[in-house]
Amino acid sequence: MKRVLIALFLATTAPVFAVEPDEILNDPILEARARDIGKELRCPVCQNQSIDDSDANLARDLRLLIRERLKAGDSDKAAISFIVERYGNYVLLRPPLKPATYPLWLGPFIIFGVALLIATLYLRGRRRADLMTRTLSPDEERRIQDLMDHH
Amino acid sequence: MRFSFLFPLFVFAGLLALFFTGLGHDPSIVPSPLVNRLAPEFNLPSLEAGEEGLKTADLMGTLTLVNFFASWCLPCKVEHPLLVKLKKEGRIRVVGINYKDKPKEAKRWLAERGNPYDRIGADSSGRVAIDWGVYGVPESYLVDQNGRIRWKHVGVLTPGDWHEDFVPLIKGFEK
């Protein structure tokens with residue numbers, strides 16, 4: 001029973017969007033595409049929200065614009081680039097992989113690689129120093145002898 | 001390798017320099033892809049029937065400052081005196097695009113404060129503003145003689161912004 005209730009809750013509560021009823025398209029397929037696009041685009045006004053999440057007037061205008069483009073027969077890609085042409089790559093919540101964004105996408109791996117290299121070299125050097133060159137001091141020899149005698 | 005223990009210090013200094021330059025950037029300024037592109041095509045009606053509106057072709061021929069404003073926009077009031085002054089000095093033509101406003105209120109607003117605009121286009125739907133990449137009034141654009149956008153300023157245009165960003169560009173185009 002509990003499970004059924006939980007399932008029912010999850011099925012009937014929609015995630016919170018700023019998309020208003022009068023914006024929603026009659027065609028559910030187009031509307032679903034518009035939602036997918038809206039989630040990918042940053043609202044230039046509030047900056048940390050997608051245009052689907054934002055209550056800003058401009059976000060609403062952009063949502064309507066995207067629905068218009070889709071109704072006019074634009075592909076998802078074309079509708080997104082329509083916005084990007086005006087507001088720049090900045091509005092893409094997922095930055096594309098291109099030369100200008102290589103540091104962004106590859107930086108973490110490069111830093112991890114460098115750290116791994118340094119750690120490996122350091123540890124290898126230390127082990128070699130330990131095993132090859134270090135011998136026990138007379139004091140240590142005496143303490144070991146002492147321990148062995150007593151146990 | 002004697003000074004290799006200083007390596008972390010260099011890394012730290014590098015990061016410090018990176019973060020410090022980052023602090024100087026205003027994160028609310030969105031870089032515009034439209035700078036150095038031709039101004040978008042538009043054709044807007046005027047605030048009042050009988051007056052001339054504003055269209056792309058009107059931007060040709062002379063350096064123009066395109067200012068997006070609205071009577072409901074408080075920061076627009078702040079920058080307005082500078083626009084009036086620019087109009088008086090006559091160094092650059094100033095045109096206005098009235099963003100999502102009621103023509104009557106825009107008219108009254110300009111009657112009270114003085115009208116710095118050579119021409120005004122009424123963008124009641126805000127669609128032309130989207131084509132220009134506007135995300136909040138006021139915004140000002142420098143458009144060169146060939147109708148190409150050369151600079152974009154977001155927010156209140158202060159005399160400091162004008163002298164630092166616009167004047168050097170204008171001097172370059174006047175030569």
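**View 1. The two domains of chain A, whose C-alpha centres lie 52 Å apart.** In this predicted model, the domain assignment, which is automatic or taken from a database, gives domain 1 of chain A as 2–96 and domain 2 as 100–150. Residues are numbered from 1 along each chain as its sequence is written, and chains are lettered from A in the order in which they are written. Because the model is predicted, local features need pLDDT of at least 70 and side-chain atom pairs count only at pLDDT 80 or more, whereas totals for chains, interfaces and linings use all residues.

**View 2. The helices and overall spread of chain A.** Chain A has six helices and zero strands, where helices are DSSP runs of H or I with at least four residues and strands are runs of E with at least two. The radius of gyration of chain A, taken over C-alpha atoms, is 30 Å, well over the 15 Å that the globule rule (2.2 Å times the number of residues to the power 0.38) gives for 151 residues, so chain A is more spread out than a compact globule. Along the principal axes, the C-alpha atoms of chain A fill a box of roughly 90 × 55 × 25 Å.

**View 3. The contact between chain B and chain A.** Ten residues from chain B and ten residues from chain A take part, two residues being in contact if their C-beta atoms, placed from the backbone, lie within 7 Å. The side of chain B that touches chain A has five nonpolar, four polar and one charged residues, with Ala, Val, Leu, Ile, Met, Phe, Trp, Tyr, Cys and Pro counted as nonpolar, Asp, Glu, Lys and Arg as charged, and the others, Gly among them, as polar.
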